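Dear colleague,

Please find below the structure that I am handing over to you.

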Amino acid sequence: MNRPAVLARRARDRHQISVGLPTLIWLPAAIGFALIVLPVAGLGLKTDWPRLPELIFSESALDALRLSMITSSISTVLCILFGGPIAVILARSRIGGLRLLRALVLLPLVLPPVVGGLALLFLLGRTGLVGRGIETAFGFTIPFTTAAVVLAQTFVAMPFLVVSLEGALRTAGQRYEAVAATLGASPMHAFRRVTVPLVLPGLASGAVLAFARCIGEFGATIAFAGSLQGTTRTLPLLVYLEREADVDAAVALSLLLVVVAVVVIAVARPRFVEGQT
Amino acid sequence: MSREPAGLDAAIVLRRPEFTLDLAFAVAPGEVLAVLGPNGAGKSTLLGVLSGLLRPDAGHVRLGDRLVTDVAAGVHVPPHERGVGMLAQQGLLFPHLTALANVAFGPRARGVPRTDADAAARRWLIEVDAAELAERKPSELSGGQAQRVALARALAPEPALLLLDEPLASLDVDAAPALRSLLRRVMRGSKQSKVLVTHDALDALVLADRVMVLSGGRIVENGPTREVLTRPRSSFTARIAGLDLIPGTAVDGGLKTADGMLISGRQSEQLADGQSAVAVFPPFAVAVFRQRPDGSPRNVVEVEVAALEPHGDTVRLRAAALPAGPGWVDGLAADVTPAAVADLAIEPGMRMWYAVKATEVAIHPAAR
């Protein structure tokens, strides 16, 4: 029997009593729960339901939603393409300095996103170290384009994929890869036919987490890409913009983001929610 | 990729904090070498070096005329280019592939087209009596079934050397005998060298031509299976072996020794009359008497007590053959309580009678 089924059965067994659960724990847990749920529920109370369709299907809102979906999808793919190999190296390589490498990869996780956006701007801006070279060589600049949105999202979301996938790789262990090698499989063949299929669930939950982070991304985007409708104004940026001009629109769009988040959690379940990476 | 049968020749030094593996040995083409030893003796480390997953500190590993490890010359052929197969304790079938795809994995990895690889995999599944399991996923297999599929998978690439890492240890008592006799049948038919790591003397007895006993990373004994197990030269090996063995040929209801004595016992599997076999029983099943006993035990033989060894909270008697008696008596052990030793006033040189009930005696096929 697989593990989720065992967990589910254990949870349903009414003969089992709870151990390791002091009664006092319930109080702070309830406060914490309220802190998460009440604001979101409050959004529902504040919503101008009759005007909701009109607000959500306005041109600027649809532009922002479309842009958010497209850029987040591309960013998630980039996270898999570049973060995936990083996770494999962190989990499998025996080179020195891995701990430093891991700390650096996790940097965007602890860095304020707006700082990340500024850093990207200084690197890739017109006067930046790499940006100047790109403009001379190819005649274009990255900041304040849709590409900048993608870069900003990839920057902040990459650690989520790396952490999740590295955990899955470590849990899977190297035993199956060793068996594959004794069967004559080259490292590449073993990677494609054994490693990747085995960590697919971990990769999927990492990708969902990264996607969710991309959808919510604000600070790095506004610093590096600005807020141009249809080009760089994603949903969170639009919500921030509308909060002064039209509170009802801001609330409606926020509700839309909540729906997106709920869908993401539903898709990602049960793996990372139940601690299974 | 099929290879010429190739022997194994190895000399290995590998230093670990807990012990140093330091040994040299050879295995002829087609031969089965059992490696016995307690946990921490270096058995798994040895397999790691042979398969190429571990790099030794010094020494070499040669498969036929191919040098796959030579520390001095800087040679270390990676595991996937060695042609060294491995059957692990838990089978480790790839959980996302069917039994058939698991077996076809090796040939596919070597570039065999899919249809040919599948056909070969079906042949190997038939070989291990698992043809009907082809479409099942590993999660739908019992331990014994999974281990049979894993055996087929290890054999499918036709490795020059097959390593078996306690292949029966994780099976329950019902499944182990069936797989043991399957291993015996399949291993006898193949020409590759085989190294079987086990802690069970019975596995060595049924499957191996030769036994190498390891302790603390060194070889303490190395020789033909029956010789090592029946006449342990060190108390250490005797403890590992821990079984009484009587060689002979299978007959209805038991085994007949070379000198014609019938040893009554239960056959572990259907054996043909006249087939080479061995009677096995634990020393604690042996009762000792000063006079020839007259009772239910079917197997009674007169011995001379050669030695008394403390063995846990019992005393192990070692028998020696009488000048005119059968030679196989030599080394037979009997465990008795210290009180019995005192009551019977047992001492070396005394003549005693050993008696064993037929129900305690298992008749197994012998490796050769």
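**Findings**

Chain A has 14 helices and zero strands, where helices (H or I, at least four residues) and strands (E, at least two) are DSSP runs numbered from the N terminus. Its pattern along the sequence is α-α-α-α-α-α-α-α-α-α-α-α-α-α. The C-alpha atoms of chain A fill a box of roughly 60 × 60 × 30 Å along the principal axes.

This is a predicted model, in which local features need pLDDT of at least 70 and side-chain atom pairs count only at pLDDT 80 or more, while totals for chains, interfaces and linings use all residues. Residues are numbered from 1 along each chain as its sequence is written, chains are lettered from A and ligands numbered from 1 in the order in which they are written, and side-chain values use heavy atoms, with hydrogens and water left out.

In chain A, helix 4 (residues 59–92) packs against helix 5 (residues 98–105) at an angle of about 150°, and their axes are 10 Å apart. Axes are lines fitted to C-alpha atoms, for helices over the stretch in contact, and angles run from 0 to 180 degrees between N-to-C directions. That angle makes helix 4 of chain A roughly antiparallel to helix 5 of chain A (angles under 35 degrees count as roughly parallel, over 145 as roughly antiparallel, 65 to 115 as roughly perpendicular and the rest as oblique). On the helix 4 side of chain A, A:Ile86, A:Ile89 and A:Leu90 meet A:Leu98, A:Leu101, A:Arg102 and A:Val105 of helix 5, contact meaning heavy atoms within 4.5 Å.

For chain B, the domain assignment, which is automatic or from a database, gives domain 1 (8–230) and domain 2 (283–357). Taken over C-alpha atoms, the centres of these two domains of chain B are separated by 38 Å.

Helix 2 (99–109) of chain B packs with helix 4 (residues 143–155) of chain B at about 25°, with axes 7 Å apart. These two helices of chain B are therefore roughly parallel to each other. Their contact is made by B:Ala99, B:Asn102 and B:Val103 of helix 2 and B:Val149, B:Ala152 and B:Arg153 of helix 4.

Over all chains, a search finds four aromatic pairs (rings of Phe, Tyr and Trp, its six-membered ring, with centres within 6.5 Å; planes under 30 degrees apart count as stacked, over 60 as edge-to-face and the rest as tilted). The rings of B:Phe94 and B:Phe105 have centres 4.7 Å apart and planes at 55°, so this pair is tilted.

Yours sincerely
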